[in-house]
Amino acid sequence: MTKKYALITGASYGIGAASAKKLAANSWNLILVARRTEKLQTVKKEILAAYPELDVVILTQDLANIDELPTFYHNIAKQYDVKIWDNNAGFDRTGDVTSLDFETVKGMINTNSTATAILSTLYAKDHEQDNAQLINVGSMVGYKIWPGDILYSATKHFVTAFTEG
């Protein structure tokens with residue numbers, strides 16, 4: 001019998017790490033994805049201390065590098081039976097939009113919005129006919145603009161619209 005996995009992007013911190021721990025408590029093997037290997041290793045260690053019978057895989061990937069995402073996705077799909085795909089990765093830099101540099105703007109849009117759309121589309125196409133789950137984590141600021149956080153609000157509004165559409 002093939003092992004079934006739950007994959008969580010942004011699993012190194014916050015909601016992503018908490019989601020991974022909750023899925024582990026429900027006996028899911030895990031694929032933890034983030035750009036910071038050291039933090040992923042810490043989360044993996046915490047999970048395996050509580051659930052040593054699980055398989056926990058770490059994949060280091062910066063989702064802002066959107067040209068790499070199709071290959072990243074297909075490599076996972078070839079190796080693992082992922083039944084839950086949780087797009088949780090994202091980051092925020094508060095401040096007026098005029099205070100943000102180009103790389104920050106590009107990185108936030110690519111990580112928070114574009115990566116979610118690309119990975120969701122690839123996963124949905126592969127799992128249209130089976131019992132798999134796709135989770136896209138948005139934010140309350142996707143529904144109401146937060147002063148001083150316009151770009152983050154816009155990226156999370158995209159996630160909300162894309163997911164609910």
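This is a predicted model: local features need pLDDT of at least 70, side-chain atom pairs count only at pLDDT 80 or more; totals for chains, interfaces and linings use all residues.

Biologist: What pattern does the protein chain follow along the sequence?

Modeller: Helices (H or I, at least four residues) and strands (E, at least two) are DSSP runs, numbered from the N terminus. The protein chain has five helices and five strands, in the order β-α-β-α-β-α-β-α-β-α.

Biologist: How does the radius of gyration of the protein chain relate to that of a compact globule?

Modeller: The radius is taken over C-alpha atoms, and the globule rule is 2.2 Å times the number of residues to the power 0.38. For 165 residues the rule gives a value near 15 Å, and the protein chain agrees with it at 16 Å. Along the principal axes, the C-alpha atoms fill a box of roughly 50 × 35 × 25 Å.

Biologist: What percentage of the residues count as buried?

Modeller: Buried means under 20% relative accessible area, exposed over 50%, and partly exposed in between (1.4 Å probe, protein chains only). Of the 165 residues, 44% count as buried.

Biologist: Which residues have the most contacts inside the largest nonpolar core?

Modeller: In soluble globular proteins, nonpolar side chains tend to be buried together. A nonpolar core is a set of buried Ala, Val, Leu, Ile, Met, Phe, Trp, Tyr and Cys residues joined through side-chain atoms within 4.5 Å. The largest one has 18 residues, and Ile31, Ile76, Val82 and Trp85 have the most contacts inside it. At least two residues of this core come from each of strand E1 (4–9), strand E2 (29–34), helix H3 (69–79), strand E4 (81–87) and helix H4 (102–126). A second, separate core has 16 residues, including Ile8, Leu23, Ala34 and Val43.

Biologist: Which residues is Trp85 in contact with, leaving aside neighbours within four places in sequence?

Modeller: Contact means heavy atoms within 4.5 Å. The partners of Trp85 beyond those neighbours include Leu7, Tyr73, Ile76, Leu119 and Ile135.

Biologist: Is Leu54 buried or exposed?

Modeller: Leu54 lies in the loop between H2 and strand E3 (56–60), and it is buried because its relative accessible area is 9%. With residues up to four places away not counted, Leu54 touches Ala24, Ser27, Trp28, Asn29, Ile47 and Leu48.

Biologist: What is the phi of Ser27?

Modeller: Most residues other than glycine have a negative phi. Ser27, although not a glycine, has a positive phi of about 70°. Ser27 sits in the loop between helix H1 (14–25) and E2, and it counts as exposed because its relative accessible area is 54%.

Biologist: Where is His127, and why does His127 count as buried?

Modeller: His127 is placed in the loop between H4 and strand E5 (133–136). His127 counts as buried because its relative accessibility is 15%.

Notes. Residues are numbered from 1 along each chain as its sequence is written. Side-chain values use heavy atoms; hydrogens and water are left out.
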